[in-house]
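Hello,

Here is the structure we talked about, ready for you to open. Have a look first, and then read on for my notes.

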Amino acid sequence: MKTFEITQPDKRIINALEDKINNLTKPKGSLGRLEEIAIRVGLITGSLKPNLKHPYNIIFAADHGIVEENISKSPKEVTWQVVNNFIDGGAGINYLCKQHGFKLVVVDTGVDYDFAPNDLVINRKIRKGTRSYLHEAAMNSNEFDKAIEIGCESVQQAYDNGCNIISFGEMGITNTAASSVWMSYLTGIPLDECVGAGSGLDKSGIEHKYKVLSDCMAHYKGDRSTEDIMRYFGGYEMVAATGAMLQAASLGMIILVDGFIMTVCMLAACKLYPETIEYAIFGHQGDEMGHSKLLHVLHARPILQLGMRLGEGTGAVCAYPIIQSSVLMLHEMASFRKAEMTKYFA
């Protein structure tokens, strides 16, 4: 696996950021979480007047071999159908990216479908879907390394185009299943507290999903390292997203983390390189089973809780205007001294 150089942001700037915010024309702490987010953005960028530049939302797409076990409400073909909807501009993430000024990029890392040439989807197909981890590893070591590299390359291109704030999404039927297994192994939380409804399973469907995943975990004979868990149970899109997060952290970019699946990928990234968490801002807490527990493990406080569970980066992109507001506070609010106002709090 590729190695990364990820260092913590220089925390010496925190006192200066707090002093600046506390001397703006407002009662101390009166802008609530905007103040907290502003400190986070200033810390990551190393600036008292940070700028958000050319935001990107990169969606990684792939199919999963475990889909044959009927553990998803949605059939396998929905993966490529949704990607075609991205291409046609009709998906939720399309209008949200347009609304909030994000460049949308879709990377095909392993969809079992051949897309017609288009300007949106980048063809980096590793294989037409992973293998079923009920019977064998989802991917081999070379495929794992390739997925990491694809994530890195995608982020590097965004960075080279001037991006300093980036979010990630995914498309792959049954990837909440793989995410549940990752979560259980990497946190020690029992599987039944990690498995949820995904795209809409009822109670009996969730029970079947849990039974299949329990069998998969019982058959696993690997070394339980983070890399091996990712390789054995992952999707190409999930491994690519994890690599993308590691690359973004190594470049000092702000990482907006979306829902359950992307939070699991951030967990994996932090297991490999703990400093990665310093570059993350969590956009949204979704309704998928286990997400709140996972956020608690990461000591993460998401900006929004809107009951969304679409994925695709939608929750992260929806949180972006709040981050913009926090940054504008640092740029546009006057200090008591500049406004020649009496500081009206201790």
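First, the ground rules. This is a predicted model, in which local features need pLDDT of at least 70 and side-chain atom pairs count only at pLDDT 80 or more, while totals for chains, interfaces and linings use all residues. Residues are numbered from 1 along each chain as its sequence is written, and side-chain values use heavy atoms, with hydrogens and water left out.

Let's begin with helix α6, residues 175–187. Helices (H or I, at least four residues) and strands (E, at least two) are DSSP runs, numbered from the N terminus. The end C-alpha atoms of α6 are 18 Å apart, which agrees with the 18 Å that its 13 residues should span at 1.5 Å a residue; the expected span is 1.5 Å times one less than the number of residues. Because 12 of the 13 residues are buried, α6 is largely enclosed by the rest of the structure. Buried means under 20% relative accessible area, exposed over 50%, and partly exposed in between (1.4 Å probe, protein chains only). Among the buried residues of α6 are W182, M183 and Y185. Just after the helix, G188 takes a positive phi of about 80 degrees.

Helix α10 also has 13 residues, and reaches 19 Å from its first C-alpha to its last, close to the expected 18 Å. Of these residues, 11 are buried, including F260, M262 and C270.

Now to strand β1, residues 56–62, which is largely enclosed by the rest of the structure because 7 of its 7 residues are buried. Y56, I58, F60 and A62 point one way, and N57, I59 and A61 the other way. β1 runs parallel to β2 (residues 103–110), joined by 7 bridges, and pairs with β4 in the parallel sense over 6 bridges. Two strands count as paired if DSSP finds at least two bridges between them. I58 has V105 as its bridge partner in β2 and F168 in β4.

Finally, the rings: a search of the whole structure finds 11 aromatic pairs. Rings of Phe, Tyr and Trp (its six-membered ring) pair if their centres lie within 6.5 Å; planes under 30 degrees apart count as stacked, over 60 as edge-to-face and the rest as tilted. F60 and F168 are stacked, because their ring centres are 6.3 Å apart and their planes at 25 degrees. This pair links β1 and β4, with the two residues 108 apart in the chain.

Best wishes
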